[in-house]
Amino acid sequence: MSVFIGMPGDFPANSAKAVQDSQLRFNLRKATHTIRGKRASVVGELPDWAELRAAGKAIKDHTLRHLDRYLVQMEEAVEKAGGRVHWARDADEANRIVTDLVRQTGESEVVKVKSMATQEIGLNEHLAAQGITAYETDLAELIVQLGDDFPSHILVPAIHRNRSEIREIFLAKMGDAPADLTDEPAALAEAARLHLRERFLRSKVAISGANFMIAETGTCVVLESEGNGRMCLTLPETLISVVGIEKLLPTWRDLEVFLQLLPRSSTGERMNPYTSTWTGATEGQTFHLVLLDNGRTNVLADEVGRQALRCIRCSACLNVCPVYERAGGHAYGSVYPGPIGAILTPQLRGLGSDLDASLPYASTLCGACFEACPVAIDIPEVLVDLRAKVAHPRAERAGMRVAGWVLAKEVRLARAQRLASRFRKLVPKRLPGPLSAWTDTRDLPEIPKESFREWWARNERA
């Protein structure tokens, strides 16, 4: 999985830079609070929201336990309906498969539906290196692409931009933008619509992802708000869908649960404006489904971390996260920002880099993300588990060993407490040497004159 080019080495460095940008903080706060408020309103309308959430969790857990069986069922159903299924173990294989499929059509341009899976594997960059141009058609993705930028939110990739910034991007990079373009939302949307219409009518190949796949029928499902997805999925002669293997649902009946959970959790709507479904090759269109692993089976093998694969990419956790609201999505160095990115990215990529090793610490562990998640992913639990797997500095490991030795026996703890009380005035406000980083951002708790054990013993005697 690719890392954003130009990102510093770890989350602390990225976020320290981001919080200095007052415009970014304003944009993020305004957008996330708006979405959060809408979500709370529509979720509050459902008396059975807790039951829906439990059902979504149960369906996802069942599917993941039997993923091998349902993947084979999906493949058989797609091919029976005239489509073709390709299996991709990693990003390189997926990119190679898609590139070969585009080349077979003789085309050098493709249009794209918003797809996090293709961003995850760096498909646009790979296609460009092979002489194939990919045009994003989602409005927010178009803004990011034209601005030579990176997405910063799962649902609204350009959430870090305000409308004045978007106007400047359109005027600078969109050749057919009107010279008198204003920053009114309707004017910006109209400029994008006219710009994209020519792409839709000209392109012979489209690339998409999918929000869900239905194993029993081989159906793919895309939920969107603008209609650009519908255009991409129906007009081109060849459709290539790159979908993570965890997006499976066993039956159509299961989809009913998620069609209630996802719109409310993502956009704060009772239902999304466009729900597109397709099964195999339809109306003479050639259809290819690329099933993407890219680390997902490794995540599935982790008893604690596998719950991250329940994620339906709603972004509810981002919109309530105090860390994301201040640091923004770019600080995470991944297409998956926010709390879900802090647990999913290091599991997909591994903990080998400074960036990935720092992501489990990109949280206050306040638990707001868990409360907001429509499929009940216990993100704080996974964060703590990942922190335990990160290779800690030598001083920290030594400190943990000493603490373990003291806490292992009651008599040792009592002696340590007595010593701490007697020498408490000698304890500095800031720890020395390699321990100083800990007190850079927090105060040492004041050591009491006597421990609770001593207080209890004294009062019991009295």
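Trainee: Which residues does Phe 258 touch, not counting residues up to four places away in sequence?

Mentor: This is a predicted model, where local features need pLDDT of at least 70, side-chain atom pairs count only at pLDDT 80 or more, and totals for chains, interfaces and linings use all residues. Residues are numbered from 1 along each chain as its sequence is written, and side-chain values use heavy atoms, with hydrogens and water left out. Contact means heavy atoms within 4.5 Å. On that basis, Phe 258 touches Gly 56, Ile 59, Lys 60, Phe 212, Leu 249, Pro 263, Ile 312 and Val 375.

Trainee: How many residues does the largest nonpolar core have?

Mentor: A nonpolar core joins buried (under 20% relative accessible area, 1.4 Å probe, protein chains only) Ala, Val, Leu, Ile, Met, Phe, Trp, Tyr and Cys residues through side-chain atoms within 4.5 Å. Phe 258 is among those with the most contacts inside the largest one, along with Phe 11 and Phe 212. Its residue count is 58.

Trainee: How many disulfides are there?

Mentor: A disulfide needs a pair of cysteine sulfur atoms within 2.5 Å. The sulfur of Cys 321 is 6.4 Å from the closest cysteine sulfur, in Cys 366, so that's too far for a bond. For Cys 220, the nearest cysteine sulfur, that of Cys 232, is 15 Å away. The count comes to zero.

Trainee: And Cys 220, is that residue buried or exposed?

Mentor: Cys 220 has a relative accessible area of 0%. That makes Cys 220 buried.

Definitions and conventions:
Buried < 20%, exposed > 50% of the residue type's maximum accessible area, 1.4 Å probe, protein only.
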